[in-house]
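Below are some short notes for a colleague who is opening this entry for the first time. Please read them with the structure at hand.

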Amino acid sequence: MKNLEGTPLDQESFEKVVKIEWKPKIEYEWDCGIAISKFLEGLKKGYILARKCNVCGRVLVPPRMFCELCFRPNDEWVTLSDEGEILTFSVCFVNWDATRREKPEIPAVIRLYGASPNIGILHKIGEAGDTLEEILKNIDIGTKVKAVWKKEEEREGAITDILYFKPIK
Amino acid sequence: MNVYIVGMGISLPKKSSSEFSFREMIYEAAIKAYKDANIEPKNVDIFVSVSEDFEEGTSIFDEYVPDQLGAVLKPVHTICADALTGLVSIYSLIKTGHFKIGVLEAHSKLSNVKNHSHLFAMGLDPVYIRPLEVNPYFIAGLEMAMFLDSRGYDELDAAFVVSKNKSNALTFGRSPFGTTITPEEVLFSEPVSEPLKRLDISPNADGACVFVIANEEVAKERKKDLIRILGLGFGGFTPNIEMWRGDAEYLEVASKKAYSMAGIKNPIKEIDFAEIDDTFSYKELQHIEALSLSRVGESAELLKEGFYDLDGELPVNTTGGNMGNGNLSLMNGARSLYDAVLQLRGHAGNVQLLDPETALVASWKGLPSASGAVVILKREG
Amino acid sequence: MPFKDFLESFSDIKTQKGSIPVWWIYTAGLAGDIFYEGLKEGKIKGGFCEKCESVIIPPRIYCEDCFEKIEKFIDIEGPFVVFAVTDIYFDLDGNQLDKPQRVGLMVLPNSKGGIIHFLNPEEEIDCGDNVKPVFSEKRVGSIKDIKYFKKDK
Amino acid sequence: MARKVGILGAGITKFMRRAKETGKELAFEAAKHALEEAGMDINEIDCVVISTAPDAFDGVHMKGDWLSDGAGAKKKPFMRSFVGGGSGVFSIIHGWYLVSSGFFDKCLIVAEEKMSSCMPHPQGAFNSIYDQFIERPLGVNLLWIFSLEMMRYMKVHKIPLETIALVAVKNKKNGLDHPCTQKGISGEYTVNDILNSEIIAYPVHRLMVSPVTDGAAAMVIAAEHEVKRRTDKPIWIEGVGFCLDTSYWTNRDLYYPKYVEYAARMAYEMAGIKDPRKEIHVVEPYDPFAYKELHHLEGLLLADKGEAPKLLEKGFWDRDTENGIPSSPSGGLLGVGNPIAAAGLMRVIEIYLQLKGEAGKRQVKREIKRGLAQAWGDLMQVGTVVILSK
């Protein structure tokens, strides 16, 4: 192959070239639809809703009004426990903009009791320690956790109405 | 091996679809399409969806495609173009001989975007155009001025498009934006980017549309409603607005291919009716000329003579086009295709033409693009 | 309505608000850098394609017709001619402007492309008029280093 | 019916942390390079396929349209396909079906990414890949999904971190020989170097992650009659596969990429491959994160579940292996850089060059007749696979 094209810029040369900055102002208001509206309404009231498909028998959360595998409208609302087990987790030391966090954050996929095997939701784990060592000592795949809710009057019908899940015995 | 449209479903266009999430809306269109085609999604070999990230407000919208189509763990991909361009993908995939049945999905949740000007602005070249910080509708105004000027048309000529299409929509009944409106009323509506007025712009709408496409072997099991894809083409001009001179060259590129595939030499004679993008009023005239459905500079006169009316020689936008059905963004081509198939099947109700056989559908990707696609359909059986 | 249980689903929570929370710093690029450095000096730069022997405005590092690399950049001497004009009545946020902005496409005879910019609001300028750029006093390497185009008599 | 499709030429730019060029300019450089390698003029091209990952990187809505003039698509049919990170490898599948179907004879494929435009950090663009209703409000970031998947994969198979670090060691070393490698990312590292780099999202360490990159790649493909007319050393596209899993990623067991397996099976079937471990001789699996290469090798059925790490320890995937399958001889995304779509196409180009015997210092030792490139994308969801042969 011939000599490859490309003009890499280091920080210094980047300062010197002409640049254009653009801050976008596109705002969205996404329609939640039937399933998610009801789910968020449930969170506001302090319970976690799933949908059940009576053909394959799966209890699905996040809820949807159809079973994507049987491809039919699914059948009923089911209230799940706010306790469950960790399917997988991580200990994250950076923020979304790649800046470093002082205290790590613990995202996890959690299967709530009442949902089908491997049917988890994304949330965070709290009260599990401040350092990697402590956290790895306190939680693992399979660890039992329980939702810690916002105070009822502060809930707004959002996934953040659950503050985090904490490990329990 | 010919390729056919064997099923279709729609979540009807409307100003807002707030009762449904995008998933639920698409699901509605999907089950209708599968029922119409009498298949189950597990029999489908390939799926194509059309979307653009900034319009959805989601990066990599491809992620959210499979579930509501019954396409989990199936070959699925997204095309970032108008639905008709997506149809080319399905058609080609089937033509390779490796796949029998394909599904095309398109939808619009434009009502969820709160400031469309900023959305379109993101589509402008960030080096030379966007930093002017002008409302992006100026591009339609500028292009309209170029087009009218180059043809010797005036604003009233374009306004006739609005009048015709909104009237067709009213006759059809299903289209949400049908009304009676005179060309003069369009002219006296609020100026947006002179010569473009408020009523020269089709109103934004939501909806979803799903098609089932199949090869001959599968299609021949259907006794009736066989709609064959006779030809397709897609094309682009250049995204650099400085290069534009008022012609829709993207549809010249696209239609050249489609006509040659379909063996069409004289489109005005051989096409029975056409569904053509009219996102802005002047676009219909510009597109008619690019598609050789009139000579350059003659479309406005033909329009006023009634040539493109429901009872004219070559009806255009029989169900009201985007003016009557709303601007559904990347779904525009799908909605047009849906209505063209209705006509060919004889299911177009009040606007049903007399025994049409060959239809042309042409789409434009929308502001600020210069790309589009053409499909030619033929009724068989 | 394709779903079960629609009637019992009442909720006040209808929508979720959001945005794509990033912004961008674009480099003007190899050709854009030449163009904007030119503006700083009060000049308009174009590219020259050796293959089709055309001037290309604004400059790019390729000729989009010939798809050949452009390595020659030249100063454009006017006058520009107004090819098309529009009056836009709304700002970028969609608010009605007190007075419409006049935007035009300015082209150079026998060249490809052109410049899209504002026209002098104080003059009656129309298609076919000769125009020339009026530069800002303080120029920083931005499209707004040109204030607008005015009539070139 | 299916026509045979072959490759006529390929081009690529340098991979850079930050390029002065705009996205259009990068696309032009790669496209022009590919046309030169193919000995073709733009007028001979019938259609253009454009591939590029989220619009939020370059910061342009309808990015495919915006890139089109730089990709040589003026007054031509062009189309952009999009399957997230899988787009680069998908682009050749896209070109394949447009040519194989008889729709066009000659197709130019252009893949571009300019991630550096995105502020405050390109990673931010990934926030909006999550579900807007119940995931984004949690304050998500890109690393979450990878670290969650890696944790599940490691725990299920009891894979030591040291072994995963070995992927980075191998690929960063291989990358030293790649002409477009991004400055400062390839090199001779030890397992300790990798494990001593800071933990960004346990178990992911900084040196297990591919970098932010600007760059472009391109390829010219054509139908059989055109290929035979133009080259005596044809390389053919023998099989393609792609598959998308559910978007409810938290409803799946992340330890195994079923979507890659399904995509691979589709490609193997098309290519008539019965025993991929014998019939695939070189492989470029997608490695944006170190564990991903192993994860994907298993999904490609080139190793049993949980066995790819053990084979790695034995040198089975090394470039100079004599009885193994060399994996990522290019250096992969960890060793060359990761301009998403362009990186995917770079992997296809590597297989093309390896089969032609033109990979220079990177040429694998063992004899090869057939190679595979794979990419992955979306929310742990997409597999795209292409098989090339002499």
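1. The model is predicted. Across the interface of chain B and chain C, 14 residue pairs are in polar contact, both residues of each pair having pLDDT 80 or more.

2. On chain B, the side that touches chain C draws at least two residues from each of helix 1, helix 4 (116–121), helix 5 (137–151) and strand 5 (191–194). Helix 5 of chain B gives the largest share of that side, seven residues. By type, the residues of this side of chain B are 24 nonpolar, nine polar and 10 charged.

3. The contact involves 43 residues of chain B and 45 residues of chain C. About 3800 Å² is buried between the two chains, and carbon and sulfur atoms give 68% of that area.

4. Two salt bridges are counted between chain B and chain C. K144(C) forms a salt bridge with E133(B), and their closest N and O atoms are 2.6 Å apart.

5. Helix 1 of chain B covers residues 22–37.

6. Is helix 1 of chain B enclosed or open? Because 12 of its 16 residues are buried, helix 1 of chain B is largely enclosed by the rest of the structure. Among the buried residues are F22(B), R23(B), E24(B), Y34(B) and A37(B). Just after this helix, N38(B) has a positive phi of about 60 degrees.

Definitions and conventions: Residues are numbered from 1 along each chain as its sequence is written. Chains are lettered from A and ligands numbered from 1 in the order in which they are written. This is a predicted model: local features need pLDDT of at least 70, side-chain atom pairs count only at pLDDT 80 or more; totals for chains, interfaces and linings use all residues. Side-chain values use heavy atoms; hydrogens and water are left out. Helices (H or I, at least four residues) and strands (E, at least two) are DSSP runs, numbered from the N terminus. The expected span of a helix is 1.5 Å times one less than its number of residues. Buried means under 20% relative accessible area, exposed over 50%, partly exposed in between (1.4 Å probe, protein chains only). Contact means heavy atoms within 4.5 Å. Buried area is the accessible area (1.4 Å probe) that two parts lose on being put together, summed over both. A salt bridge is a side-chain nitrogen of Lys or Arg within 4 Å of a carboxyl oxygen of Asp or Glu. A polar contact is a pair of N or O atoms within 3.5 Å; within protein, one must be able to donate a hydrogen and the other to accept it, and residues adjacent in sequence count only if both atoms are side-chain atoms. Ala, Val, Leu, Ile, Met, Phe, Trp, Tyr, Cys and Pro count as nonpolar, Asp, Glu, Lys and Arg as charged, and the others, Gly among them, as polar.
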